[in-house]
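Subject: Structure handover

Hi,

Here is the structure for you to look over. My notes on what was found follow below it.

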There are 2 protein chains.
Amino acid sequence: MKKVAIGVDIGGTNTAIGVVDNEGNVMVKDNISTPSHGDIKKYVADLSAAIKELIKSVKLLNEDLEILGIGIGAPNGNYYNGTIEYAPNLSFKGVIHLVDLLKGSFPDMQALALTNDANAAAIGEMIYGGAKGMKNFVMYTLGTGVGSGVVVDGNMVYGHDGFAGECGHTTLIPGGRLCGCGAKGHLEAYCSAPGMKRTAFEIMARDNAGDSLLADKSFQELDSKMIFDAAEKGDKVALEVFEQTGKWLGQGLADTVHHLSPEAIFLFGGPTAAGDYIFKPTKESLESHLLPIFTDKIKILPSQLKPGDAAIVGASALVWKEIE
Amino acid sequence: MKKVAIGVDIGGTNTAIGVVDNEGNVMVKDNISTPSHGDIKKYVADLSAAIKELIKSVKLLNEDLEILGIGIGAPNGNYYNGTIEYAPNLSFKGVIHLVDLLKGSFPDMQALALTNDANAAAIGEMIYGGAKGMKNFVMYTLGTGVGSGVVVDGNMVYGHDGFAGECGHTTLIPGGRLCGCGAKGHLEAYCSAPGMKRTAFEIMARDNAGDSLLADKSFQELDSKMIFDAAEKGDKVALEVFEQTGKWLGQGLADTVHHLSPEAIFLFGGPTAAGDYIFKPTKESLESHLLPIFTDKIKILPSQLKPGDAAIVGASALVWKEIE
């Protein structure tokens, strides 16, 4: 019997569902709309139906499958309680006991677990990706926000209340940019994709850079992919955005190193597709902020998870981790 | 048989040694000079002799004692290797294999372990102090430097190389004050006892505060106790030093919370004797830097270890932790 796991990634718009084998390959996948379900019970019913449909379809491909469990990644996911708690970007408000609700539909699953999306990515990296065999590492996910997952001695760090690993909300610049969470100067306000856009606008404003390739884009239009494309063409503003983002990110990663002394920090997400543009200044900045006992020791690595499937794959990895 | 442990605290000037019972009481203690021993072999011989002498004297008080082991706290102490590595303030240079060297003198001890002084304090807090029963907490030791120890799921976090928990070297102010380690803007440069002195001098310079109670002290003379005494008398400069130190410390503690989501953060050391002068602004600043999911959740507590004996007691706690 081939063993497989189901991964569910709950986002503000879509919930993606996939059946994943033990090498991290997505065998079949589907998705349902998240926000159209104001009612959590209706959402759980639809999610359960979609999962069952997917199990049926994958068994048509291969009858000899054992479905081990369901792993869920969700914003503000709490592993201890199996809950989603006060997630600002989801249509479900308050505390949602999702694992308990799903147990009703899947009483026979060996594992049914939930954590936040960045923790799921970290577990995915550990089970299927570049962190195989690593006992101490940290994952940063750079996207609309900045998430993170911390692994110590081979286990996820959930902390006292299940919410550890919010490294995107460390303070880089006291009194600095407004962060989405309401506080000021957090890393997420500088090193997320929207943070890079804000940096581009700051630089254009400072230099009156009407000749930049980014100068014809509105604040709503500009995204990190456009900044990368402009950097590739040698655009000064775009190149400085990467330099400056790396400086900030390196400072934040140094804080992580001083807390945890990891073997490696993995970077995942859109901005990391820029390769050396972002990795080089990040590494240089990291080293400049470190105690001598840490210099030239910490690897900064690109995630080995495939961008499109990473969220599902990460969520499914929770199942293997549970069963282990 | 009453079980006891030996604690050894290695400082730049003195090495303190004590026999500690299972409630954290120091039964007998002694100390030898650290730096007079340029030669590590001579130091180990003297340290071994002093420990044996102490064991003899405590057995005169109570014949029915079992000595379980020796725990050592030392700057740049590496738990994994039992080494002291490149400690800038010790007369021993390079990598010192202290645990291996001591094993020769104490082959029958059940436990012989070494870690850095702040980790030892954290273990002390866990075994004897205010962190009894806590699974996730962090200890900050504020003194000449700022050390820290991180506990996750009931275990010390040593990280990949044994050096985790250097939270005093997170960056508070990019490009800010020169830190003892050579980098800029680290927490230690602001929140250590010398950091508070630097803050006092900055404020006096800014306000031309010739009437401050601190204005007759030289840079070499001024210490954190004098700042506390002046604050007690209502001195404006001194009061602002505490306000500002708390603001910075709270910012740093928020970074720790975002990484680890601990139940509590304990503060230990001279500056914490100032009580509310330092705890109140620290808590306020902490809350202002936190994600909403963490607000009003994290306890900031004074260490329950007795200041005079804490280093020995913390080091001895390593033995109980090893045997557990």
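**Helix packing in chain B**

α5(B) and α7(B) are oblique to each other; the word covers angles that are not under 35 degrees (roughly parallel), over 145 (roughly antiparallel) or 65 to 115 (roughly perpendicular). The helices are α5 (residues 193–207) and α7 (residues 236–260) of chain B, packed at about 125 degrees with axes 9 Å apart. Axes are lines fitted to C-alpha atoms, for helices over the stretch in contact, and angles run from 0 to 180 degrees between N-to-C directions. Helices (H or I, at least four residues) and strands (E, at least two) are DSSP runs, numbered from the N terminus.

α5(B) passes α7(B) in a right-handed crossing. Right-handed is when the near helix is turned clockwise from the far one by less than a right angle, and left-handed when anticlockwise. On the α5(B) side the contact uses B:Met196, B:Thr199, B:Ala200, B:Ile203 and B:Met204. From α7(B) come B:Val237, B:Glu240, B:Val241, B:Gln244 and B:Thr245. Contact requires C-beta atoms, placed from the backbone, to lie within 7 Å. By class, this contact has 6 nonpolar residues, 3 polar and 1 charged. Nonpolar covers Ala, Val, Leu, Ile, Met, Phe, Trp, Tyr, Cys and Pro; charged covers Asp, Glu, Lys and Arg; the others, Gly among them, are polar.

Next, α3 (residues 117–127) and α9 (residues 310–323) of chain B. Their axes are 7 Å apart, at an angle of about 70 degrees. That makes α3(B) roughly perpendicular to α9(B). Residues of α3(B) in this contact include B:Ala120, B:Ile123 and B:Ile127. Among those of α9(B) are B:Val313, B:Leu318 and B:Trp320. The classes are 11 nonpolar, 2 polar and 2 charged.

**What the model is**

This is a predicted model: local features need pLDDT of at least 70, side-chain atom pairs count only at pLDDT 80 or more, and totals for chains, interfaces and linings use all residues. Residues are numbered from 1 along each chain as its sequence is written, while chains are lettered from A and ligands numbered from 1 in the order in which they are written.

**A helix pair in chain A**

Helices α6 (residues 224–232) and α7 (residues 236–260) of chain A cross at roughly 115 degrees, and their axes come within 7 Å. This crossing is left-handed. A:Ile227, A:Ala230 and A:Ala231 of α6(A) meet A:Ala238, A:Leu239, A:Val241 and A:Phe242 of α7(A). The contact has 7 nonpolar residues, no polar and no charged ones.

**Domains of chain A**

Chain A has domain 1 (2–129 + 308–323) and domain 2 (137–302). The bounds come from an automatic or database domain assignment. The C-alpha centres of the two domains lie 28 Å apart.

**Chain B against chain A**

Each chain puts 38 residues into the contact. On the chain B side, β10 (146–152), α7 and α8 (276–289) give two or more residues each. α7(B) gives the most, with 7 residues. The chain B side divides into 18 nonpolar, 14 polar and 6 charged.

How are the copies related? A rotation of 180 degrees with 0.0 Å of shift along its axis superposes chain B on chain A, at RMSD 0.0 Å. That is the relation of a two-fold axis. The same surface serves both: 100% of the contact residues of chain B recur in chain A.

Best wishes

Methods
Two residues are in contact if their C-beta atoms, placed from the backbone, lie within 7 Å. Copies are superposed by least squares on the C-alpha atoms of residues with pLDDT of at least 70 in both.
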